[in-house]
Amino acid sequence: MFSDYSMSELGAIFAMQGFAGLILFSVFVLMALGLAIIFGQMGVINMAHGEFMILGAYMTYLVSNVFAAYLPGLFGMYFFVAMILAFIASGALGLFVEWSLIRHLYKRPLDTLLATWGLSLILQQLYRSVFGAREVGVSIPDWMMGSMPVTDMIEVPINGIFVMVLAVGISLAVYVMMFRSNWGKQVRAINQNRVMAGAVGINTEWTDRLTFGIGCGVAGVAGSAFTMIGSTGPTAGQLYIVDTFLVVVFGGAGSILGTIASAFSISQAQSIMEFFLSGSMAKVLTLLVVVGILMIRPQGLFALKLRK
Amino acid sequence: MGLHERYLLKVEGLTVSFDGFKAVNDLSFYVEPNECRVIIGPNGAGKTTVLDLICGRTKATDGSVKFKNQELLQMREDQIVHAGVGRKFQTPSVYEDLSVFENLEISYPKGYGVFGALAFRRDDTVQARIEEIAETIFLEDLLTEKAAYLSHGQKQWLEIGMLLIQDPELLMLDEPVAGMSVAERKKTAELLNRIIKDRSVIVIEHDMGFVEDIATRVNVLHQGKMLSEGSMAHVKADPKVIEVYLGH
Amino acid sequence: MTFSKNSLFTRQELIGFIVLAAIIFLLLPAVLDNFRLNLFGKYLTYAFVAVGLALCWGAGGILSLGQGVFFGLGGYCMAMFLKLEASTPENTSIQSTPGIPDFMDWNQLTELPFWWVPFHSLTIALIAVVIVPVTFALIIGVAMFRRRVGGVYFAIITQAFAAILTILIIGQQGFTGGVNGITDLRTLKGWDIRTDEAKEVLYFVNAFLLFGVLLIAQFVRKSKLGRILIAMRDQEDRVRFSGYDVASFKIFIFCLGAAFAGIGGAMFTLQVGFMSPTLVGIVPSIEMVIFCAVGGRLSILGAVYGALLVNWAKTSFSESFPELWLFGLGGLFIAVVMLFPNGLAGIWTEQIMPRITKLWAARAGAVAPIPATSTEEEGAI
């Protein structure tokens, strides 16, 4: 199948697909980070994760409209305001959901899964009632439009680069929070031994709530970033949930580095295959390979061997 | 050849490491038929891990465990049970949603396969055997009770009963009297004394009075290694043991 | 002391079965018009899946979010046979390749794919309805359970399978009919399945099959295997160290659930007249779990009631307040987890039964001792 292309064309194809893969990678990383915190550290399955992202996307949509109507002069900057508001909105909803639902179900992970699925249905309908069933897009600020030529055959879109930069930034922030902050230390302590963590004076209840809230907030930021490369609809969150869970599980739950590595391999595999196969077959093959590997190595790519 | 048949269980060079940490390190010991072996040692000495390795719950890194000259390390947990090794866990693990009768019935050594279990019938032999065991473990009046409603001690007895019904040649008990009241403890000692008669037993226990009562030989474990082995009197007098227990 | 030795039913359970049979065989056909009866027949096909889930999830603690895969596979096997029967060269003479299903022709296929050929035979199709889902379940089950993957991991991976199969069906339009599914099914061995009489007959065939499945499920629940499942859910290690190969039990029950779902899918195709990927994917698969949860996880009869009630509510709501339905369904997921973890069966045994017993005792004028309910009784009603 390569014979139809010259070497330099092939190189360009791989570079372009590789770059498309990098954007997909950034999207996966953004989606999966929040989940890696919630699922990896707390063991909670949040099926409404996608809807928390969409909330962030809708927040961005609202903010862009407000800026366009009242602050057109500052329109170039609206995205940064939107991102912060997206974090706050999704995070606050996360805190509320933890308080009202999740905390009652810590010992019943499968039930959490069902309850959060119910939550996702409610949120979807809520979005549909408020924002309408049609997808909405935001106007991208001028400075993010267009693309940057790298060579005469390879061009990269600026909004793609922006999303990548954002993914790197947020990954670093999460890493710092997990491994450098006091909160991160407490979360990891609770993950390892809940009773003991409580005994040494960590407020486990509040730490759980905060962790869930931060995980949801990160999802909101991810949703906000999405608006730069695609439009938002009420059910868009559901489309991503399986991929996101697979990314986290494949990476080895609990390992931030694993999540990033797995997001990278899955996205690259998918986007390179997409060029040679139809999009759906590429997706099917990618998912099958991931599931196949998980069957051979259920603990994922990165996991500790522990004494049980 | 004669030497080989002397032992029911031969543990040689048993080692397991978790990410470089050797929880059990080059451990060897031999258990004779009808012997009651007690393993003692401070917390974290690797006592429970040794039992886990023998019954297949944890996979060993190195070494050999031979039971009646069969290598157990290559066998699956259920195959090890079928070979004749029974294991009681530290915390009572009974099926809380099932009745005492049903708990014992599940352990009844018949109908192990999927279709065997479908075809399994409660005949008079089964019922008689379950009632007999229930009497041994002081639960004959509670057969229809849900296991969830039993006291801690009664759950421990039930689990012991679930092992007895299988009549294993080697029984491994992990702290069978921990968390029991004085009265329950006495009854358990009586129960154990009765059941260890016609089989080999490996017991992990902290209660020294109890150990002295039942032990044929004692292994003292420390940091995954054998510190001392012999009769109770022998290990009590061993300066290394005294150092570990009373030193620091 | 007496133990229900080997009987298949306790008296209570027998009454439960008879009541359900009366509702399905007598009451519904008597009060519903043909259109509604067919609709309830469709709901009952989901009950096959829900009964399987009651065994897998309720008893065995294995939550599969991919039951739609098995439902769909069974349904597609049936649909393939019916489609081939409908695609005679005479019926399809306007196509560029007559004699192959219309969607293949639209997608420039000129020949029937080799794996469609066996579905000319009804016998093979009927066998495939069970065997294909079971084979898939076997592969997934062996791979996962032998490696001791369970709990939420298993749930997520089965969900991934639901996603994979949907994408595959939609993507391979020429072979599968794509997003529209396999439609325009007409006759079964010359018997027109679209007429009112045919639909009524199919309703009863479906009901009989469902009771067959219920009897199998009851037999499994009452056997030692049924108790081992519950034991496994609570203390997997204890079961393992009592000498059982836990994985083989999980594989068996997962395959049995898949077989049930496959039969349900085939009956869906027959009664509704099409099969499409919308019944395979993530959303329908997880909705099937809620049918079982509403009925009360452990209860196989409850699963049937759950499937009927939720679907009936869905149809009624969607007719009058479409936007409310998702709120209702979402709320139902949350409520059944937070407030009624034992579902309808729980409400029955915890709330209604004690009252009836009390009333009964009061009327008899004597204080009859209330028989202690054992686990199994709570489970099955």
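A residue counts as buried if 20 or more other C-beta atoms lie within 10 Å of its own, as exposed if 12 or fewer do, and as partly exposed in between. Keep that cut-off at hand for the exercises below, which all use a predicted model.

**Exercise 1. Helix H9 of chain A**

Task: Find out how many residues of H9(A) are buried, and describe the course of this helix.

Solution: 
- Start with the length. H9(A) runs over residues 236-251, which makes 16 residues.
- Next, compare spans. The first and last C-alpha atoms are 24 Å apart, close to the expected 22 Å.
- Now look along the axis. A kink of about 30° is centred on A:Val242.
- Apply the burial cut-off. Of the 16 residues, 15 are buried, so H9(A) is largely enclosed by the rest of the structure.
- Finish just past the helix, where A:Gly252 has a positive phi of about 95°.

**Exercise 2. Chain B as a whole, and one of its helices**

Task: Judge how compact chain B is, then find what the buried residues of H6(B) pack against.

Solution: 
- List the elements: chain B has 10 helices and 10 strands.
- Check the radius of gyration. At 19 Å it is close to the 18 Å that the globule rule gives for 248 residues, so chain B is as compact as a globular protein of that length.
- Look at burial, which applies to 42% of the 248 residues of chain B.
- Zoom in on H6(B), residues 152-164. Its 13 residues should span 18 Å, and the 19 Å between its end C-alpha atoms agrees with that.
- Of these 13 residues, 11 are buried, including B:Trp157, B:Ile160 and B:Leu164.
- Identify the partners. The buried residues of H6(B) pack against strands E6 (85-88) and E7 (170-174) and helices H3 (100-107), H5 (124-136) and H7 (182-195) of chain B.

**Exercise 3. The core and a chain contact**

Task: Name the residues that touch the most other members of the largest nonpolar core, then describe the side of chain C that touches chain A.

Solution: 
- In this core of 276 residues, the answer is C:Ala47, C:Ala50, C:Val51 and C:Ala303.
- Helix H1 (residues 7-42) of chain A gives the core its largest share, 19 residues.
- Follow C:Ala47: among its contacts are C:Leu210, C:Ala303 and C:Leu308.
- Move to the contact between the chains, which takes 34 residues from chain C and 33 from chain A.
- On the chain C side, H6(C) gives the most, with 14 residues.
- Sort that side by class: 27 residues are nonpolar, five polar and two charged.

Terms used
Residues are numbered from 1 along each chain as its sequence is written. Chains are lettered from A and ligands numbered from 1 in the order in which they are written. This is a predicted model: local features need pLDDT of at least 70, side-chain atom pairs count only at pLDDT 80 or more; totals for chains, interfaces and linings use all residues. Helices (H or I, at least four residues) and strands (E, at least two) are DSSP runs, numbered from the N terminus. The expected span of a helix is 1.5 Å times one less than its number of residues. The bend at a residue is the angle between axes fitted to the seven residues ending there and the seven starting there. A nonpolar core is a set of buried Ala, Val, Leu, Ile, Met, Phe, Trp, Tyr and Cys residues joined through C-beta atoms within 7 Å. Two residues are in contact if their C-beta atoms, placed from the backbone, lie within 7 Å. Ala, Val, Leu, Ile, Met, Phe, Trp, Tyr, Cys and Pro count as nonpolar, Asp, Glu, Lys and Arg as charged, and the others, Gly among them, as polar. The radius of gyration is taken over C-alpha atoms; the globule rule is 2.2 Å times the number of residues to the power 0.38. Lists of a residue's contacts leave out its neighbours within four places in sequence.
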